[in-house]
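Hi,

Here is the structure I said I would pass on. Have a look at it, and then read my notes below.

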Amino acid sequence: MKTITKETAQDEIQNFNEYQEVVKALQPYIESARLGDGKLSRSAFYDHAHIVGSIEGNFYNMDADTFGDAVSQGGPSENVQHHISWIDISGPAAAAKVEFLDWNGLRFTDFFVLYKKEGQWKISGKVYDSHAKN
């Protein structure tokens, strides 16, 4: 049987807490899908953030402001569902995969890169697939 030291236990608690903080940082983005609220979506991203992906074969390359505008233009998706598939953290860097079903009628897979600066996690970039004609 493996002995858990006090330091190991503290590390495990810290890792769990960081995971929860990354989940918390993704929540404004996730909620913006349901509400169609581009300002809420924008709040999850750093100013330098970049978003790249395609919808129905059309390639999009946007900054966070333009993406926020697109979320607002898309409007609410009251039936959208989401699932955080995984989160991987290394110090102040993290990556996450989030699946969405029925966001404006489409399924999306989003890959996020996050960074923790001054105690706060935010999205630094996003690459996505709409699963439609790509």
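**What I found**

Leaving out neighbours within four places in sequence, Tyr19 is in contact with Ile87 and Ile89, where contact means heavy atoms within 4.5 Å. Tyr19 sits in helix α1; helices (H or I, at least four residues) and strands (E, at least two) are DSSP runs, numbered from the N terminus. Its C-alpha atom is 9.2 Å from that of Ala94, 75 residues apart along the chain. Tyr19 counts as partly exposed because its relative accessibility is 30%, given that buried means under 20% relative accessible area, exposed over 50%, and partly exposed in between (1.4 Å probe, protein chains only).

Before going on, some ground rules: this is a predicted model, so local features need pLDDT of at least 70 and side-chain atom pairs count only at pLDDT 80 or more, while totals for chains, interfaces and linings use all residues. Residues are numbered from 1 along each chain as its sequence is written, and side-chain values use heavy atoms, with hydrogens and water left out.

**The whole protein**

The protein has three helices and six strands, and along the sequence they run α-α-β-β-α-β-β-β-β. Of its 134 residues, 37% are buried. Among contacts between residues at least 6 apart in sequence, 50% join residues at least 24 apart.

**The core**

Which residues touch the most other members of the largest nonpolar core? They are Leu26, Tyr29, Phe45, Phe100 and Leu114, out of 31 residues in that core. (A nonpolar core is a set of buried Ala, Val, Leu, Ile, Met, Phe, Trp, Tyr and Cys residues joined through side-chain atoms within 4.5 Å.) Two or more residues each come from α1, β1 (45-55), α3, β3 (81-90), β4 (93-103), β5 and β6, and α1 gives the largest share, seven residues. If you click on Leu114, you'll find that its contacts beyond four places in sequence include Val22, Ala25 and Leu26, as well as Trp121 and Ile123.

The largest pocket has a volume of about 310 Å³. A pocket here is an open set of points on a 1 Å grid over the protein atoms alone, where a 1.4 Å probe fits, with protein on both sides within 12 Å along at least five of seven lines; lining residues have an atom within 4 Å of a point. Grid points are joined across faces, edges and corners, and a volume is the space filled by probe spheres set on the points. This pocket is lined by 16 residues, and Ile55, Phe67, Ala70, Asn104 and Phe108 lie nearest its centre. α3 gives the most to the lining, four residues.

The second largest pocket holds about 150 Å³ of space. Its lining includes Glu21, Lys24, Trp121 and Lys122, and α1 again comes up, supplying the largest share with four residues.

Most residues other than glycine have a negative phi. Asn104, from the largest pocket's lining, has a positive phi of about 55° although it is not a glycine. Asn104 lies in the loop between β4 and β5 and is partly exposed, at 41% relative accessibility. Glu56 also has a positive phi, near 50°. Glu56 lies in the loop between β1 and β2, and its relative accessible area of 45% makes it partly exposed.

Cheers
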